[in-house]
Amino acid sequence: MQHEAHTEHVHHHAHHTGHAGGAGWGTAAQATLHCLTGCAIGEVLGMVVGTALGWGNLATTLLAIVLAFFFGYSLTLRGILRAGVGFRTAFRVALAADTLSIAVMELIDNGVIAVWPSAMDAMLGDALFWISLAASLVIAFAVTTPVNKWMIGRGKGHAVVHRYHH
């Protein structure tokens with residue numbers, strides 16, 4: 001019975017993506033953009049707060065990562081709760097849908113900033129702060145989109161979230 005429901009979902013999903021057996025790039029990009037929105041809110045807020053408070057690079061980066069996961073999960077959770085799903089189930093779905101996507105995005109985003117010369121020492125008023133942050137998010141989006149395509153094509157990631165949107 002569960003297999004039949006999954007098979008029906010895969011056919012339904014394939015109809016919407018236009019690709020039987022895999023997710024389309026548009027679907028993957030949309031899922032990644034959703035993830036990027038939450039990550040960017042948390043990342044920017046964490047970097048701004050940590051930098052404004054004069055925290056060191058490690059503390060600022062950790063705050064940005066924690067807030068990126070928080071806002072990433074929160075945006076997904078909000079949509080699932082709106083569909084009438086109970087909090088416990090919605091929370092589990094958000095974790096299953098977003099964890100890998102957010103983790104990859106944060107790894108790439110923070111990795112780019114870490115290797116960008118002087119980006120870790122840039123202050124809020126420096127163009128380098130904003131340019132490196134924006135560029136790191138664009139690169140993270142480009143790397144995370146194929147990950148989301150792969151996950152959605154296997155019924156994981158945001159494919160799980162779409163089961164709750166009617």
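Predicted model: local features only at pLDDT ≥ 70, side-chain atom pairs only at ≥ 80, totals over all residues.
Let me start with helix α2, residues 25–52, and helix α4, residues 87–115, which pack at an angle of about 45 degrees with their axes 10 Å apart; the axes are lines fitted to C-alpha atoms, for helices over the stretch in contact, and angles run from 0 to 180 degrees between N-to-C directions. Residues are numbered from 1 along each chain as its sequence is written, and side-chain values use heavy atoms, with hydrogens and water left out.

The helices I name are DSSP runs of H or I with at least four residues, numbered from the N terminus. α2 and α4 are therefore oblique to each other, given that angles under 35 degrees count as roughly parallel, over 145 as roughly antiparallel, 65 to 115 as roughly perpendicular and the rest as oblique. Their crossing is right-handed, meaning that the near helix is turned clockwise from the far one by less than a right angle.

On the α2 side of this contact are T32, C35, L36, C39, E43 and M47, and they meet S101, I102, M105, E106, D109, N110 and I113 in α4, where contact means heavy atoms within 4.5 Å. These residues divide into 7 nonpolar, 3 polar and 3 charged; Ala, Val, Leu, Ile, Met, Phe, Trp, Tyr, Cys and Pro count as nonpolar, Asp, Glu, Lys and Arg as charged, and the others, Gly among them, as polar.

Leaving aside residues up to four places away in sequence, T32 touches M105, F141, T144, T145 and N148. For G26, the C-alpha atom is separated by 9.0 Å from that of K149, although the two residues are 123 apart along the chain.

Turning to α3, residues 57–82, its 26 residues should span 38 Å at 1.5 Å a residue, and its end C-alpha atoms are 37 Å apart, which agrees; the expected span is 1.5 Å times one less than the number of residues. Its buried residues include T60, A64, A68, G72 and Y73.

How do α3 and α4 pack, in angle and in distance between axes? The angle is about 140 degrees and the axes are 8 Å apart, and α3 and α4 are therefore oblique to each other, with a right-handed crossing. The contact involves, among others, A64, I65, A68 and F69 of α3 and I102, A103, E106 and N110 of α4, and its residues divide into 16 nonpolar, 5 polar and 2 charged.

E106, which has its place in helix α4, counts as buried at 3% relative accessibility. With residues up to four places away not counted, E106 touches C39, E43, A64, I65, A68, F69 and G111, and the C-alpha atoms of E106 and A68, 38 residues apart along the chain, are separated by 7.7 Å.

Finally, the backbone. Most residues other than glycine have a negative phi. S118, in the loop between α4 and α5 (127–153), has a positive phi of about 70 degrees although it is not a glycine.

Definitions and conventions:
Helix = DSSP H or I, 4+ residues; strand = E, 2+ residues; numbered from the N terminus. Buried < 20%, exposed > 50% of the residue type's maximum accessible area, 1.4 Å probe, protein only.
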